[in-house]
Amino acid sequence: MPVNPELQGRTFPPTEPYLVGREKVREFARAVFATNPINLDPEAARAAGYADVVAPPTFAVVVQEQTLAQLLADPESGIDFSRVVHGDQRFTSTRPIVAGDLLTATLTVASVKSLGGHSMVTAESAITDAVGAHVVTAVSTLVVRGDE
């Protein structure tokens, strides 16, 4: 079954809030070889003007994953996860993610395109904080391989 072109423009319900933990930020920072002290040390982060450790910019993908799970689990999408290749990832931030943030994400399917026998699905996840202020938008393009 091909990807459903009617996905384009669809917005999924907001995810459950995600509480950003200090240790999760530190683990992620180590995993991506971030060495800035503000990513690891609360005192360094506070000295730089933040309430707690600051997540590396790509940490937003941890929150975005919840929205992509909604998309991939939707039987009407026509997306067979076994045929998905991650094609592109971008982030547009208003402010850094900091330990203690309570974040919610909402996915909108920006586009569905066919290229030969393959499909490209671009999904935008708008991530907001506890008061509804924008923090970051994570944009992923998924390539869904067609039949061999």
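**Exercise 1.** Which residues are buried in α3?

*Solution.* The model is predicted: local features need pLDDT of at least 70, side-chain atom pairs count only at pLDDT 80 or more, and totals for chains, interfaces and linings use all residues. Residues are numbered from 1 along each chain as its sequence is written, and side-chain values use heavy atoms, with hydrogens and water left out.

Step 1. Helices (H or I, at least four residues) and strands (E, at least two) are DSSP runs, numbered from the N terminus. Buried means under 20% relative accessible area, exposed over 50%, and partly exposed in between (1.4 Å probe, protein chains only).

Step 2. In α3, the buried residues are Ala60, Val63, Gln64, Thr67, Leu68 and Leu71.

Step 3. These buried residues pack against β1, β2, β3, β4 and β5, where contact means heavy atoms within 4.5 Å.

**Exercise 2.** State the order of the strands in the open sheet and explain which strands stand at its edges.

*Solution.* Step 1. Two strands pair if DSSP finds at least two bridges between them.

Step 1. The five strands of the open sheet follow the order β1-β3-β4-β5-β2, and their pairing is antiparallel.

Step 2. Because β1 (18–19) and β2 (84–93) each have a single partner strand, they stand at the edges, and one side of each is left without a neighbour in the sheet.

Step 3. The partner of β1 is β3 (residues 102–115), with two antiparallel bridges between them; Leu19 has Leu102 in β3 as its bridge partner.

**Exercise 3.** Describe the surroundings of Leu102.

*Solution.* Step 1. Leu102 belongs to strand β3. Its relative accessibility is 36%, so Leu102 counts as partly exposed.

Step 1. Neighbours within four places in sequence are left aside; the contacts of Leu102 are then Pro17, Tyr18, Leu19, Thr128, Asp129 and Ala130.

Step 2. From Leu102 to Val20 the C-alpha distance is 6.3 Å, although 82 residues separate them in sequence.
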